[in-house]
Structure formats: structure tokens, C-alpha cells
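Good morning. I will take a few minutes to walk through one model, starting with its domains and ending with a pair of contacts in a loop. Please have the display open as I go.

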Amino acid sequence: MAGDKVKGSANEKTSKAPTELNPWPNFIEERIALFDKLMAKYHEEIAEKKSEKVKITLPDGKELEGESWRTTPLMIAEQISRGFADSAVVAKVNGEVWDLDRPFECDATLEILKFDDDEGKQVFWHSSAHIMGEAMERYCGGHLCYGPPISEGFYYDMWKEGSAITPDDFPKLEQIVKCVVKDKQPFERLVVSKEDLLEMFKYNKFK
């Protein structure tokens, strides 16, 4: 696997495999730029929110203190142990599946889910589908359609003009997948308007 970096791209620290398009399709750079702009606005809004003390209750009844809009489930997991935090896939806050880096908003119950948990598996495989989707975009400029987790893994439908992906392409795609994993790209939650989503995916008639 090549360890070269993509230069002059929206993410200059991205590892680049020899099997991917160079340069990437324009829609990738444009989408990343819009996402970064919207994410920066979100962080500004969170920073302006008033923080208050909140009580975090663990499954064993133990209570920990945190701050609304500042403390995250991952921070609580790290207080328990580094190994525990490293094995976490996602959280449940007041019974709702919750990103590990999403701040608490009020007093809450907290459960940390690992891959062994059914909901943890679903989130892990959903994230894995996104990694495969990125690889397909970088490999052939495909337009992603639908890529959910299923009972024993995940898949991603993709439209590619002119030809189809065959098993011969799998090793080449795998090289790009390994680059994505190596870069440890963050999975970040962002709530946006329908208008912004349509702009972000305007190149894709399936979105």
C-alpha cells in the first residue's frame, strides 16, 4: 500500500493509493469544502451555548459529573479507563444512540456500546459502508446510492457510467480502504438543512 499524501486537496493529510483517481473528481473536493464550512458554523454555535453542570448515570448506578454542551460520552469512557474508551463504538444517552463525541445536553443515563452489542455492530458496519463508499468514489468516481448495514455486514449500491465493478476491482478498492482506515478519518455528526444537503450532493441524481 502506498503511503503518499494527496497534495493540494481539501485534506492534505489523506494517504493516497496507487489504484485511485488522480486527481479526485471535483465533487469530492467541493463536498468536503461545504461540509467543513457547515461544521465550523456548528462548532461556533455549540461554543456559544451556556454550559451547566449535568449528572451522568452509568448502568451500575454510579453517577459522574459533566458539563452540558462540553462533556461527551467518550470523555466519560476515558475517565473509566483508556482500554474501555478504545473499545467503544457508540453510546446510548437516555436510551438514544448517540455519537461518542456528541456533547451531553442535560442530565442523562449513559451506556457505552462495543462491537459485541447488536447496536454497536450496526453502527460499526454502517461506518464501514461509508469507508467503502469513499473508496469507490476515489477509485472510479462512482455516485453512491444506498449503503446500509445488514444482519451480517454491509453493502453499498453505486452508479458508474459505462461499466460495472467486478471482482477484479476488489483488491484495488481494498488498497484505498486501507488508506482510509490508516488515516483514522473522524466520523462527525452534523445536522443540516435540506437545502444544504441538496447543494452538497447536487452532482448525484440518486440523492
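I will go through the domains, then their interface, then the loop.

A word on origin: this is a predicted model.

Let me begin with the division of the chain. There are two domains: domain 1 takes in 26-44 + 119-201, and domain 2 covers 49-114. Between their C-alpha centres the distance is 27 Å. Where they touch, domain 1 contributes eight residues and domain 2 contributes 10 residues.

UniProt, in an unreviewed entry, lists the feature "domain: TGS" at residues 50-114. In the model, residues 50-114 are 20% helix and 35% strand.

Now the interface. The size of an interface is often given as the accessible area lost when the parts come together. Here, domain 1 and domain 2 bury about 680 Å² between them, and carbon and sulfur atoms give 55% of that.

Side chains of opposite charge can pair when their charged atoms come close. Across the interface of domain 1 and domain 2 there is one salt bridge. K92 and E119 form a salt bridge through their side chains, at 3.1 Å from N to O. Helix α4, residues 118-140, gives the most to the side of domain 1 that touches domain 2, namely five residues. By class, that side of domain 1 has four nonpolar residues, one polar and three charged.

The structure as a whole holds 12 salt bridges. One of the pairs that form a salt bridge is E20 with R138, whose closest N and O atoms are 3.0 Å apart. E20 is in the loop between β2 and α1 while R138 is in helix α4, so this pair ties together parts that are 118 residues apart in sequence.

T19 is in the loop between β2 (15-16) and α1 (26-48). Its side chain reaches the backbone oxygen of K172 at 3.0 Å. Leaving aside residues up to four places away in sequence, T19 touches Y139, K172, Q175 and I176.

That is the end of the walk-through; I can take questions now.

Conventions:
Residues are numbered from 1 along each chain as its sequence is written. This is a predicted model: local features need pLDDT of at least 70, side-chain atom pairs count only at pLDDT 80 or more; totals for chains, interfaces and linings use all residues. Side-chain values use heavy atoms; hydrogens and water are left out. Domain bounds come from an automatic or database domain assignment. Contact means heavy atoms within 4.5 Å. Buried area is the accessible area (1.4 Å probe) that two parts lose on being put together, summed over both. A salt bridge is a side-chain nitrogen of Lys or Arg within 4 Å of a carboxyl oxygen of Asp or Glu. Helices (H or I, at least four residues) and strands (E, at least two) are DSSP runs, numbered from the N terminus. Ala, Val, Leu, Ile, Met, Phe, Trp, Tyr, Cys and Pro count as nonpolar, Asp, Glu, Lys and Arg as charged, and the others, Gly among them, as polar. UniProt positions are given in the numbering used here, feature names are shortened, and annotations may be inferred rather than shown by experiment. A polar contact is a pair of N or O atoms within 3.5 Å; within protein, one must be able to donate a hydrogen and the other to accept it, and residues adjacent in sequence count only if both atoms are side-chain atoms.
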